[in-house]
Structures are given as structure tokens and as C-alpha cells.
Amino acid sequence: MQRYTVFEEVLYESQTGKPYRSFGVAAGELRFSDLSLEEQPVWEFVERLNAEELEIVHLQGAVEDFMESLEGKDKA
């Protein structure tokens with residue numbers, strides 16, 4: 001079973017160069033970066049991935065769904 005983890009990184013805004021903290025999901029060498037500025041939603045997502053024992057071949061689709069769910073929350 002693949003184990004998913006949360007990682008934190010400092011990235012820089014493209015126009016201003018200002019640093020910001022972002023969170024992503026990793027599975028072995030595979031990383032999905034800059035998913036959220038908030039840590040908690042990414043932790044909840046990773047916990048769900050691990051609980052459901054998601055196969056890594058489905059990770060990209062799960063990340064896309066996660067991003068869509070975050071966009072929906074921003075519009076609400």
C-alpha cells in the first residue's frame with residue numbers, strides 16, 4: 001500500500017517575488033505541490049487517501065477533485 005504524506009514548502013509569487021507557505025501531497029517520488037495555503041484541508045485529504053488506501057494510479061484524479069472542492073468552498 002502506498003502511504004501519502006503532507007509536505008510544506010516556501011514558494012515565491014511570480015510577480016512580486018514575495019515568499020508564501022504552501023502545502024502539497026507526496027507519495028514516494030511523486031509530488032503534487034502548491035495545493036493549498038492552508039494546512040488543515042491538505043491533512044484531511046491525506047488522511048482520507050490513506051484510510052481509503054487509494055492506489056497511486058488514481059492520485060491525480062483525486063487531487064483534481066480535491067482542488068475543485070476547494071474552489072467550491074471559495075465561491076460559497
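## A walk through a β-β-β-α-α chain

Starting from the N terminus, the elements of this chain follow the order β-β-β-α-α, that is, three strands and two helices. Helices here are DSSP runs of H or I with at least four residues, strands are runs of E with at least two, and both are numbered from the N terminus. Before going further, please note that this is a predicted model, in which local features need pLDDT of at least 70, side-chain atom pairs count only at pLDDT 80 or more, and totals for chains, interfaces and linings use all residues. Residues are numbered from 1 along each chain as its sequence is written, and side-chain values use heavy atoms, with hydrogens and water left out.

Let us take the overall picture next. The C-alpha trace spans about 40 × 30 × 20 Å along its principal axes. Of the chain's 76 residues, 33% count as buried, meaning under 20% relative accessible area with a 1.4 Å probe and protein chains only, while exposed means over 50% and partly exposed lies in between. The side chains include 7 positive and 17 negative ones, and the centres of these two sets are 5 Å apart. In that count Lys and Arg are positive and Asp and Glu negative, with His and the chain ends not counted; each charge is placed at NZ of Lys, CZ of Arg, CG of Asp or CD of Glu.

Now to the strands. The loop between β1 (5-12) and β2 (19-27) holds T16, which is exposed at a relative accessible area of 56%. The T16 side chain makes a polar contact with the side chain of E13 at 2.8 Å and reaches the backbone nitrogen of K18 at 3.1 Å. A polar contact is a pair of N or O atoms within 3.5 Å; within protein, one must be able to donate a hydrogen and the other to accept it, and residues adjacent in sequence count only if both atoms are side-chain atoms.

Within β2 itself sits S22, and this residue counts as buried because its relative accessibility is 0%. A polar atom of the S22 side chain lies 3.5 Å from the backbone oxygen of S36. Beyond its neighbours within four places in sequence, S22 is in contact (heavy atoms within 4.5 Å) with F7, E8, E9, L11, D34, L35, S36 and L37.

Finally, look at helix α1. Its buried residues include P41, V42, F45, V46, L49 and N50. Just after α1, E53 takes a positive phi of about 50°.
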